[in-house]
Amino acid sequence: MDGALRAVDIKVKDGVILSIRPTAAVTPAKLWLLPGVIDDHVHFREPGLTDKADIESESRAAAAGGVTTVMDMPNVVPATTTPNALAEKRALYDKHCHVRYGLFYGITDDNIEEALRIPEEEICGYKVFLGSSTGGMLMNDMEKLKYLLSHTRKVVAIHSEDEDIIRRNREHFLRIHPGDDLGIMFHPMIRSTQACQKATMRALQAFEMVGGNLHICHVTTATELDMIRRVKQGKLPNNAHLTAEACVGHLWFSADDYKILGSLIKVNPAIKSLADRTALRHGLIDGTIDIVATDHAPHLLNEKKGGALKAASGMPSVQYSLLVMLEMMNHGILTLPDIIRLMCENPARRYKLWDRGAIREGMSADFVLVDPHAKTDVERSSILSKCGWSPWEDEMFHHKILTTWVQGVPVWQNS
């Protein structure tokens with residue numbers, strides 16, 4: 001549809017929307033049927049890291065959150081950087097995933113030619129870590145990035161942090177505060193605005209030179225938004241397509257929340273200042289940010305102990321991402337059409353998933369049914385991610401997800 005609420009009857013056959021017909025209006029709307037959310041940035045940890053999460057548990061959490069398509073990142077064990085690893089991971093997804101999926105192929109310093117031979121239909125895109133983040137993949141050679149951009153039509157998604165700046169910041173703060181760890185408040189100073197700014201600037205320069213399909217993952221700073229906005233407004237090569245993603249954690253939390261939540265909200269890139277969060281929220285509305293995702297990255301609670309150096313980076317988000325965005329709508333930050341555009345329509349368009357992202361005749365029956373008059377208390381017993389915790393624990397959201405369908409089949413029903 002177009003983001004507007006209407007009273008309709010929908011007929012589904014063989015997983016496809018057969019017809020949509022007006023029906024008697026209900027005022028106010030008792031329940032909302034929305035397009036299923038498409039999350040283009042998850043880490044479901046399988047293979048190799050299944051002590052903290054696996055495809056079955058995390059895709060079930062996704063379904064409970066109204067997410068009907070996920071796109072999984074390659075930093076697992078073994079990393080998805082070879083054709084064999086990709087095939088093995090796809091077999092696991094085919095067997096265990098409750099929702100629809102796509103797989104990113106990881107780029108290293110020496111696998112680009114092999115990566116370009118992967119049939120396009122087998123992957124949703126390539127992932128490049130300009131900063132090492134987690135998982136040991138690092139490819140910060142801009143000539144190689146330009147080569148990749150100019151030789152594929154697939155999305156090239158980048159983790160944009162400069163590794164040299166991060167290393168220097170870490171060494172600087174350890175000289176001032178000797179020891180084997182640093183307090184969590186140092187995390188956004190180590191993985192700083194400058195680290196993000198430099199990596200994003202270099203990637204954008206490469207993109208402006210050769211074009212291609214560049215997607216900047218989890219943007220965190222106002223400075224990066226200004227750069228992305230400038231490039232989008234400029235003259236680009238004919239084959240150029242640039243999109244930017246924000247994640248719900250960076251849109252909800254700010255550096256002020258480290259005082260209460262500590263390392264539970266330690267992620268890479270770091271959650272930064274309140275001013276950066278405000279800029280990100282503005283970017284949702286003015287079109288600088290195209291997609292809202294999660295960077296769902298579960299760790300066990302004992303792995304989150306410590307500070308800026310020792311605590312693992314990443315947090316589970318996929319079960320509550322839609323509720324977080326609906327809560328922001330309640331706060332007047334954005335509208336329901338904005339949410340559908342950012343979480344459904346735009347990711348479908350970006351990844352050429354022409355059968356989903358909206359509720360229209362002929363499209364896949366990927367739906368989520370929301371009660372806008374009920375509440376959701378985030379209690380530990382209701383958390384479905386295998387890691388068993390959430391940074392939104394004890395939060396009350398003013399919507400409730402009732403049912404999620406994938407191709408007309410219910411994959412989650414709230415008891």
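Biologist: Is Tyr-101 buried, partly exposed or exposed?

Modeller: Tyr-101 is partly exposed, at a relative accessible area of 25% (buried is under 20%, exposed over 50%, partly exposed in between; 1.4 Å probe, protein chains only). This is a predicted model, in which local features need pLDDT of at least 70 and side-chain atom pairs pLDDT 80 or more, while totals for chains, interfaces and linings use all residues. Residues are numbered from 1 along each chain as its sequence is written, and side-chain values use heavy atoms, without hydrogens and water.

Biologist: How many aromatic pairs are there?

Modeller: The count is 9 (rings of Phe, Tyr and Trp, its six-membered ring, with centres within 6.5 Å; planes under 30 degrees apart are stacked, over 60 edge-to-face, the rest tilted). One of them joins Tyr-93 and Tyr-101, a tilted pair at 4.7 Å centre to centre and 35 degrees between the planes. Tyr-93 is buried, with a relative accessible area of 1%. Ring pairs also bring in Phe-44, giving a cluster of Phe-44, Tyr-93 and Tyr-101.

Biologist: Which parts does the pair of Phe-367 and Trp-405 tie together?

Modeller: That pair is edge-to-face, 6.2 Å centre to centre with 75 degrees between the planes. Phe-367 is in strand S12 (residues 367-371) and Trp-405 in strand S15 (residues 400-406), so the pair ties together parts 38 residues apart in sequence. Strands (E, at least two residues) and helices (H or I, at least four) are DSSP runs, numbered from the N terminus. Phe-367 is buried, at 6% relative accessible area.

Biologist: Where is Ser-263 found?

Modeller: Ser-263 sits in the loop between helix H10 (258-261) and helix H11 (274-286). Ser-263 is buried, with a relative accessible area of 11%.
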